[in-house]
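Trainee: Could you walk me through reading a fold, from the order of its elements down to one helix pair?

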Amino acid sequence: MGLETIAYILGALTAGGGITGYVRTRSVPSIVAGVTVGTLYGLGGYRLSNREPYGVELALLASVVLAGSSIPRAIRTTKPLPIGLSLLASYGLFNFGMAWQNRVR
């Protein structure tokens, strides 16, 4: 699976999750955060698929933002949603971090 596919999947999951969070609880922060992070992943995937610069960096930024908001919450609350978001963020951090590291060398 290519990096652009991973970015698109993570983007759809985070944006869809934010929209679902808004529909279920009317949580404006959920939709704003989910759609923003999903857009960053989507833009990163688009740039990767077109071989444009900064695709990996945008997807890595999305993973850092997602990890920064979900991992502390997952540790504090041990609820399934923050744990799931933390796993998605970790997957993105690993994949896009390795791609970024390989480009820098």
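Mentor: Start with the order of elements: from the N terminus on, this protein runs α-α-α-α. Keep in mind that the model is predicted.

Trainee: How many helices and strands are there in the protein?

Mentor: Four helices and zero strands.

Trainee: And what about overall size? What radius of gyration does the protein have?

Mentor: The idea is to hold the value against what a compact globule of that length would have. For 105 residues that would be near 13 Å, and the protein comes in at 14 Å, so the two agree. The C-alpha trace spans about 40 × 25 × 20 Å along its principal axes. As for burial, 35% of the 105 residues are buried.

Trainee: What share of the contacts with a separation of 6 or more comes from residues 24 or more positions apart?

Mentor: That share is 53%.

Trainee: Now the helix pair. At what angle do α1 and α4 pack?

Mentor: Helix α1 (residues 3-25) meets helix α4 (residues 80-104) at about 155°, and their axes are 11 Å apart. Anything over 145 degrees counts as roughly antiparallel, so that is what α1 is to α4. The crossing of α1 past α4 is left-handed.

Trainee: Which residues make the contact?

Mentor: On α1, look for L3, I6, A7, L10 and L13; on α4, pick out L88, Y91, G92, N95, F96 and A99. Sort the residues of this α1 and α4 contact by type and you get nine nonpolar, two polar and no charged.

Definitions and conventions:
Residues are numbered from 1 along each chain as its sequence is written. This is a predicted model: local features need pLDDT of at least 70, side-chain atom pairs count only at pLDDT 80 or more; totals for chains, interfaces and linings use all residues. Side-chain values use heavy atoms; hydrogens and water are left out. Axes are lines fitted to C-alpha atoms, for helices over the stretch in contact, and angles run from 0 to 180 degrees between N-to-C directions. Helices (H or I, at least four residues) and strands (E, at least two) are DSSP runs, numbered from the N terminus. Angles under 35 degrees count as roughly parallel, over 145 as roughly antiparallel, 65 to 115 as roughly perpendicular and the rest as oblique. A crossing is left-handed if the near helix is turned anticlockwise from the far one by less than a right angle, and right-handed if clockwise. Contact means heavy atoms within 4.5 Å. Ala, Val, Leu, Ile, Met, Phe, Trp, Tyr, Cys and Pro count as nonpolar, Asp, Glu, Lys and Arg as charged, and the others, Gly among them, as polar. The radius of gyration is taken over C-alpha atoms; the globule rule is 2.2 Å times the number of residues to the power 0.38. Buried means under 20% relative accessible area, exposed over 50%, partly exposed in between (1.4 Å probe, protein chains only).
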